[in-house]
Amino acid sequence: MDETEFWEIVDSTREAAEGDPEDHAELLVERLLQSDPESVLDFARHFESRYNRAYRWDLWGAAWVLLDGASDDAFDYFRCWLIGQGREIFEGAMHDPDSLAGLLEEFDEEIDGDGEELGYAADEAYEELTGTVAPDLGIPPAPPEPEGTPVDFENKAALAERYPKLWERFGS
């Protein structure tokens, strides 16, 4: 599976789920079950590498503003959700986290920002297909700390300055 096919699967299942992350995860599992186990592992490698790539302080700061706070777990689930938003939004956020204010047309605080189940979709599909737990994906692990310069999440003035567009739309 190449990168284009990865993003096509993410996009088609998100669109069918009408943006609901839990429905998206269920549809993603269903779609992956139509593949062979190696393709599911390829999908998992693509997902995990992007998940690790998004482990950055500047993105965590953006998630903090967007979600009105983001614990370690909340940031993990946010990264899964961000991947689920598709290539354009993911890459836009990676290039400029503050651009999420313009990239996200709608944002429902009740369901958006938490894609925990998306992070398990490939594992679930692999287990259903093979009856075994997915093997190690053979990709480098995430760094022990986020990349970049730490963000002071408690300093509202600094957050407003660093993420002016997000702060204007979502800041408290």
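The paragraphs that follow describe helix contacts and then the spaces between residues.

The model is predicted, so that local features need pLDDT of at least 70 and side-chain atom pairs count only at pLDDT 80 or more, whereas totals for chains, interfaces and linings use all residues. Residues are numbered from 1 along each chain as its sequence is written, and side-chain values use heavy atoms, with hydrogens and water left out.

Helices (H or I, at least four residues) are DSSP runs numbered from the N terminus. Axes are lines fitted to C-alpha atoms over the stretch in contact, and angles run from 0 to 180 degrees between N-to-C directions. Helix H1 (residues 3-16) and helix H2 (residues 21-32) have axes that come within 8 Å and cross at roughly 130 degrees. That angle makes H1 oblique to H2; angles under 35 degrees count as roughly parallel, over 145 as roughly antiparallel, 65 to 115 as roughly perpendicular and the rest as oblique. The crossing of H1 and H2 is right-handed, a term for a near helix turned clockwise from the far one by less than a right angle, with anticlockwise giving left-handed. In this contact (heavy atoms within 4.5 Å), H1 contributes Glu 5, Ile 9, Val 10, Thr 13, Arg 14 and Ala 16, and H2 contributes His 24, Leu 27, Leu 28 and Arg 31. By class, the contact of H1 with H2 holds 5 nonpolar, 2 polar and 3 charged residues; Ala, Val, Leu, Ile, Met, Phe, Trp, Tyr, Cys and Pro count as nonpolar, Asp, Glu, Lys and Arg as charged, and the others, Gly among them, as polar.

H3 passes H8 in a left-handed crossing. Pro 37, Val 40, Leu 41, Phe 43 and Ala 44 of H3 meet Ala 122, Ala 125, Tyr 126, Leu 129 and Thr 130 of H8, which gives 9 nonpolar, 1 polar and no charged residues. With H5, the axis of H3 comes within 9 Å and crosses at roughly 125 degrees. That makes H3 oblique to H5. Here Phe 47, Arg 50, Tyr 51 and Asn 52 in H3 meet Asp 76, Arg 79, Cys 80 and Ile 83 in H5.The spaces are found on a 1 Å grid over the protein atoms alone: a cavity is a set of points where a 1.4 Å probe fits but cannot get out, a pocket is an open set with protein on both sides within 12 Å along at least five of seven lines, and lining residues have an atom within 4 Å of a point. The largest pocket holds about 330 Å³ of space, and Glu 18, Gly 19, Gln 85, Glu 106 and Asp 112 lie nearest its centre. In the second largest pocket, of about 260 Å³, H3 supplies the largest share of the lining, 5 residues. The largest cavity contains about 30 Å³, and its lining includes Arg 14, His 24 and Trp 81.

Notes: Helix = DSSP H or I, 4+ residues; strand = E, 2+ residues; numbered from the N terminus. Points joined across faces, edges and corners; volume = space filled by probe spheres on them.
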